[in-house]
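Please look through the sequence and the structure shown below before reading on.

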Amino acid sequence: MRFAGMDLDGYIEKSRFKETIYVARPTMPSKEEYQGYLSSIWETLWLTNEAYWHQKFTEELKKFLEVPELVLFCNGTIALLIALKILNIEEGEVITTPFTFSATPHVVCWNGLKPVFCDIQRDSYNLDPNCVEKAITPKTRAIFPVHVYGIPCDVEAFERLSKKYSIPVVYDAAHTFGCKYRGKPLCGYGDISVLSFHATKLFTTAEGGALVCHTAEQARTAYYMKNFGIADEETVVGVGINGKMTELSSAFGLALLPKVPEEINRRQNLYKLYCEQLKDCHGIQTVSVPKDCEWNYAYFPIEVDREVYGLSRDELFQRLRRCNVIVRKYFYPLCNRIPYYAERKDIPKLPTPVADEVAQRILCLPMYGNLPYEYVIKICELIKTFPEWTNT
Ligand code: T4K
């Protein structure tokens, strides 16, 4: 409904949030409970190097996620770096998606390998197995998909490709904490998967991550690799790095873990509310709950169809920001459009029309358990009302 006599500036002035609404906010453990853990750290003076809370957190996470082997890391990026490292690939190409955070292709390069960007599926936003198969060459050493927003990749198709061409599949599962696909933890698919526990993630240890694998041998190698390659005081088994999680982060994770089901539940309610509020907003498309999936509702992406909605994604982005709603374009620009990757002559350049289209339309709205319902309603009201002023 048009506001009589009011221009866009007036509407924004009247409607903007007084406080800043961020796209993500961390879920925190109870302060008292965390203080209990801190007291024990103060007593023992063990701060790091895989001490008591690190071991306890590893065991509790394995149980929570229902995975056989899990190795904690200081962040998801170093865990991804090691995931590729333990495959023992000296050179060659790794097929990955351009629709991801830049950490994904960066770890390929840190391993001295070349990322080959393939197109994504229109519905899941994930790497398209058909495009991947066409891109496989004798130089291909691994397939490296990402379960974007916790939406499962076509894991069956990647498994088939993996067997057919004898190429391992490593999943960037940074967004998948708590997701299950066909009754199995999503981070349990593929040869190796990696989770991120960054502050912006559904489950956090401030910085942190974990590598999930199937064999004790891989886990042991990953464990050595994150500790300088040290097996014992006098044995260094390979080129390692320092990727250890501290006792402070491990304790934070332990204190937070019991709150995860409630956090997912809250996000699910927020998801339903957003969908309900936006269902009649022409040109704004929400994402459906993925099939056969227990989802974690970690993000709330929408697509903006400029022709139908009347404003472009970037115009909506700007207007929401002027109203103090700090939305994000996860993931724009595409990784294959980042100048470093676009300009590298030795990386095969494949067309990615679907990813290009999605990257122009995608916008992530605020999503975190403590987001008040009335804020969601107000954000949706802004989105529904903005097209009233198409030319300002
Ligand atoms: N693979 C994928 C697919 C990933 O998405 C990521 C990380 C990785 C790999 C690598 O995992 P890590 O090495 O990070 O564990 C953020 C995060 O830094 C990054 O972890 C995340 N993906 C990426 C999607 O988003 P920014 O630059 O958007 O973060 P920032 O600082 O703008 O934060 C976003 C919002 O979150 C802020 O507006 C407010 C809120 N916030 C943030 C922080 C850091 C808080 O409320 N508290 C905080 O402490 O990158």
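K329 has a relative accessibility of 18% and therefore counts as buried, where buried stands for under 20% relative accessible area, exposed for over 50%, and partly exposed for what lies in between, computed with a 1.4 Å probe on protein chains only. This is a predicted model, in which local features need pLDDT of at least 70 and side-chain atom pairs count only at pLDDT 80 or more, while totals for chains, interfaces and linings use all residues. Residues are numbered from 1 along each chain as its sequence is written, and side-chain values use heavy atoms, with hydrogens and water left out.

The side chain of K329 meets that of D314 in a salt bridge with an N to O distance of 3.1 Å, a salt bridge being a side-chain nitrogen of Lys or Arg within 4 Å of a carboxyl oxygen of Asp or Glu. K329 lies in the loop between β16 (325–326) and α13 (339–343), whereas D314 belongs to helix α12 (residues 313–322), so the pair ties together parts that are 15 residues apart in sequence. Helices (H or I, at least four residues) and strands (E, at least two) are DSSP runs, numbered from the N terminus. D314 is partly exposed, at a relative accessible area of 32%, while the buried residues of α12 are R313, L316, F317, R319 and L320. After α12 comes N324, whose phi is positive, near 75 degrees.

By the rule given above, the count comes to 22 salt bridges. Side chains of opposite charge can pair when their charged atoms come close. One example is E159 with K163, whose side chains meet at 3.4 Å, N to O; both residues lie in helix α7 (residues 155–165), 4 residues apart, or about one turn of the helix. E159 is partly exposed, with a relative accessible area of 42%, and K163, at 63% relative accessibility, counts as exposed. An α-helix has 3.6 residues a turn, so residues three or four places apart point the same way. A salt bridge also joins E60 to K56, with the closest N and O atoms 3.5 Å apart, and these two residues are again 4 residues apart, in helix α3 (residues 52–65). Both are partly exposed, E60 with a relative accessible area of 24% and K56 at 33% relative accessibility. Elsewhere, R122, E303, E357 and R361 are linked in a network of salt bridges.

Two packed helices are described by the angle between their axes and the distance between the axes. For α3 and helix α9 (residues 247–256) the angle is about 35 degrees and the axes are 8 Å apart; axes here are lines fitted to C-alpha atoms, for helices over the stretch in contact, and angles run from 0 to 180 degrees between N-to-C directions. On the α3 side, Y52, W53, H54, K56, F57 and E60 take part, and they meet E247, S250, A251, G253 and L254 in α9, contact meaning heavy atoms within 4.5 Å. By class, this contact of α3 with α9 has 5 nonpolar, 3 polar and 3 charged residues; Ala, Val, Leu, Ile, Met, Phe, Trp, Tyr, Cys and Pro count as nonpolar, Asp, Glu, Lys and Arg as charged, and the others, Gly among them, as polar.

Turning to the strands, β10 (residues 209–213) is mostly covered, with 5 of its 5 residues buried. G209, L211 and C213 point one way from β10, and A210 and V212 point the other way. Strand β2 (residues 69–73) runs antiparallel to β10 and is joined to β10 by 5 bridges, with V71 standing opposite L211; two strands pair if DSSP finds at least two bridges between them. Strand β9 (residues 192–196) likewise pairs with β10 in the antiparallel sense over 5 bridges, and here I192 stands opposite C213.

Another sheet is open and consists of 3 strands in the order β13-β15-β17, with antiparallel pairing. Its edge strands are β13 (284–286) and β17 (362–365), each of which pairs on one side only, and the twist averages 35 degrees from one strand to the next. Between β13 and strand β15 (residues 300–304) there are 3 bridges, and I284 stands opposite V304 in β15. Helix α10 (residues 260–278) packs on this sheet, touching β13, β15 and β17, and its direction makes about 20 degrees with that of β15.
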